[in-house]
Structures are given as C-alpha cells and as structure tokens.
Amino acid sequence: MMNRLAPWTTVEETTLRLHYPVDGPRKCVELLPKRNLYSIYAKARLLGLRAPKVPPTAGKRFATKYPPNDAVDTAIREGYAACKGRGDVAKIAARVGRPRWWVSKRAAELGIAKPPLRQPPWSTEELAILEACGHMSVTHIAKKLRDAGFSRTPSAVGNALKRNHIDRTDPDTWSARELGGLLGVTGKTVVDWIERRSLPASRAGTRRSEDQGDIWVIKRNGLRRWLASNPGFVDLRKVDQVWFMDLAFGG
C-alpha cells in the first residue's frame, strides 16, 4: 500500500478533480484505493475542491411522519394543563403515541406555554441543612444537599433562603470593624494587627470602602491561633466575655 505521505500523481489529482465535486469524497476512496478518506479531504482542500451538497430529501424516507390529529392536540392541551413537574410531558407523549420532542414542538405550535416545573415542598431535613449552611454560597449549599441525597438547583436554594428568612452571615467570620467591637478595640487597631502583626485575614473584595475595617475577613481558627501566640495584644477587661469564652474554649 502506498504511504499516505507519498506525493500525489497527476492521474490521482485528475481523478480527484473530476469526481470529488460530483460524486463526493467516499466515491473518491473507491476510485483511489491507495488514498484514505482523510488524505482525500486534505488534498481536496489544497486544490480548492468542494464536495456536493447533500440533497434536502436525503434520508427522509426513513423519517416517521405524524399528521395533524385533533384528538392528539386535545390530549396535549389537557395534559399540559395538568402538568405538575418533570416527567409529565414524557407521560403525555406515551399517552398519544408520539416522541417527547414532537409533543413539545406541537405544544409550541398550538401556542401552549411550557408548564412550570413545580418543586416539591422542602423537607425538615433539607431545611436543617439550609439553616446550618446558610452562610455558604447557594452553589455550595446545593452540593451539600446533593451529598445528603436531595436535588435542588442553586436558584431554588436562593429562593428558599429568602422565603425562610435564613441568616446568611457566617458566625465564624468577622470584619475588622466587627472584631474590634468584640475585642474592645477600634477597627483601625485590628487592621494594624493584620498589616503589621500578621493576624490572618483575607480581603472581602478588591474595592476599598470608606470604613477600611469592612474590607477584611477574619476567620475563627486563624484568630484563635493568632491570639494564642499574641496574648499581650488583648485586654481581657474590654472583650465581650461570653463571646471570648466561646472563642477560646468552644468548638
């Protein structure tokens, strides 16, 4: 067999020029047995040859046609009116003996609106996860729910958080201003600890606010380690005693 990198002969090029635009690449494979389909495509591209377009009716003899039917249309209208969630359109399709895609297309042609997917009520277990993870992103909460065997979209999680008035603040993170109030110092002092005393913190964003203390986020574990190494910076007479005891000895 000829190496696919072997130069094309004049006879081969002539055959390609004659048959590629008329009979297409697969016919050329038959006429040029020493060339595979990919080399024929490549050579045709170099020569500026175009394959013939597929006739519009090609393959349609195998397509199943579904002529208009008043009984089917009525069943689609009634079925869509009673739709409550996922899978109901597939049930309509099975009832009328049509593919699901055809039922959806026919419903659009009839001017029937796509039925809203009604979410099932939130269970007690789901709401408990929502409460515990309310401070996380909706995507992260949706993942927590999936891990527990539930299926909710991030948008559904966001709606449930608002509907149930779930607290979105993280009890284990503080801004520099908030932490200053708990430790009995100013927010500027906490910012100084962050910038000059290595208090672990991350920026809440790239934009600086009027109160510089609001652009920092300090987390519980990092704060506990820092306080253990720098006890002299805290005046225990000024701290919020209940909060500080929980910070030092809580979980």
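Student: Which ring does the charged end of Arg98 sit over?
Tutor: This is a predicted model, and what follows is computed from it. A charge counts as over a ring if CZ of Arg is within 6 Å of the ring centre and within 35 degrees of the ring normal. The charged end of Arg98 lies 5.3 Å from the centre of a ring and sits over it, and that ring belongs to Trp102.

Student: How far is Arg152 from the ring centre of Trp122?
Tutor: Here too an arginine is placed by an aromatic ring: Arg152 lies over the face of Trp122. The distance to the ring centre is 4.4 Å.

Student: How many helices does the protein chain have?
Tutor: The chain has 251 residues, of which 33% count as buried. Besides three strands, the number of helices in the chain is 13.

Student: What is the order of the strands in the open sheet?
Tutor: The sheet has three strands, paired in the antiparallel sense. Strand 1 (173-174) and strand 2 (202-203) are the edge strands, each pairing on one side only. The order is therefore not the numbering along the chain: strands are numbered from the N terminus, but in the sheet they stand as 1-3-2.

Student: Which residue in strand 3 is the bridge partner of Thr173?
Tutor: Strand 1 pairs with strand 3 (residues 216-219) over two bridges, in the antiparallel sense. In strand 3, the partner of Thr173 is Lys219.

Student: What angle does the direction of helix 12 make with that of strand 3?
Tutor: Helix 12 covers residues 220-229 and packs on the sheet. The helix touches strand 1 and strand 3. Its direction and that of strand 3 make an angle of about 75°.

Student: Which residues have the most contacts inside the largest nonpolar core?
Tutor: This core has 21 residues. Helix 10 (176-183), helix 11 (187-196), strand 3, helix 12 and helix 13 (241-249) each give two or more residues to the core. The residues with the most contacts inside the core are Leu179, Leu199, Ile218, Leu223 and Trp243.

Student: What does Ile218 touch, not counting residues up to four places away in sequence?
Tutor: A touch requires heavy atoms within 4.5 Å. Ile218 is one of the residues with the most contacts inside the largest core. With residues up to four places away set aside, Ile218 touches Asp172, Thr173, Trp174, Ser175, Ala176, Leu179, Val190, Ile194, Leu199, Pro200, Ala201 and Leu223.

Student: How many residues are in the second, separate core?
Tutor: Among the members of this core are Ile76, Val96, Trp102 and Ile112. The number of residues in the second core is 13.

Student: Are the rings of Trp193 and Trp226 stacked, edge-to-face or tilted?
Tutor: The whole structure holds five aromatic pairs. Trp193 and Trp226 form one with centres 5.1 Å apart and an angle of 35° between the planes. Stacked needs planes under 30 degrees apart and edge-to-face over 60. The value of 35° lies between these limits, so the pair is tilted.

Student: How many residues apart are Trp193 and Trp226?
Tutor: Trp193 lies in helix 11 and Trp226 in helix 12, and the pair links distant parts of the chain. The separation is 33 residues.

Student: Why does Trp193 count as buried?
Tutor: Buried means a relative accessible area under 20%. Trp226 counts as buried at 5%. Trp193 is buried because its relative accessible area is 5%.

Student: What is the distance between the ring centres of Trp193 and Phe233?
Tutor: Phe233 lies in the loop between helix 12 and helix 13, so its pair with Trp193 in helix 11 ties together parts 40 residues apart in sequence. The planes are at 50°, so this pair is tilted. The centres of the two rings are separated by 6.0 Å.

Student: Is Ser198 buried or exposed?
Tutor: Ser198 is found in the loop between helix 11 and strand 2. Ser198 has a positive phi of about 65° although it is not a glycine. Exposed means over 50% relative accessible area. At 60%, Ser198 therefore counts as exposed.

Notes: Residues are numbered from 1 along each chain as its sequence is written. This is a predicted model: local features need pLDDT of at least 70, side-chain atom pairs count only at pLDDT 80 or more; totals for chains, interfaces and linings use all residues. Side-chain values use heavy atoms; hydrogens and water are left out. Two strands pair if DSSP finds at least two bridges between them. Helices (H or I, at least four residues) and strands (E, at least two) are DSSP runs, numbered from the N terminus. Axes are lines fitted to C-alpha atoms, for helices over the stretch in contact, and angles run from 0 to 180 degrees between N-to-C directions. A nonpolar core is a set of buried Ala, Val, Leu, Ile, Met, Phe, Trp, Tyr and Cys residues joined through side-chain atoms within 4.5 Å. Buried means under 20% relative accessible area, exposed over 50%, partly exposed in between (1.4 Å probe, protein chains only). Rings of Phe, Tyr and Trp (its six-membered ring) pair if their centres lie within 6.5 Å; planes under 30 degrees apart count as stacked, over 60 as edge-to-face and the rest as tilted.
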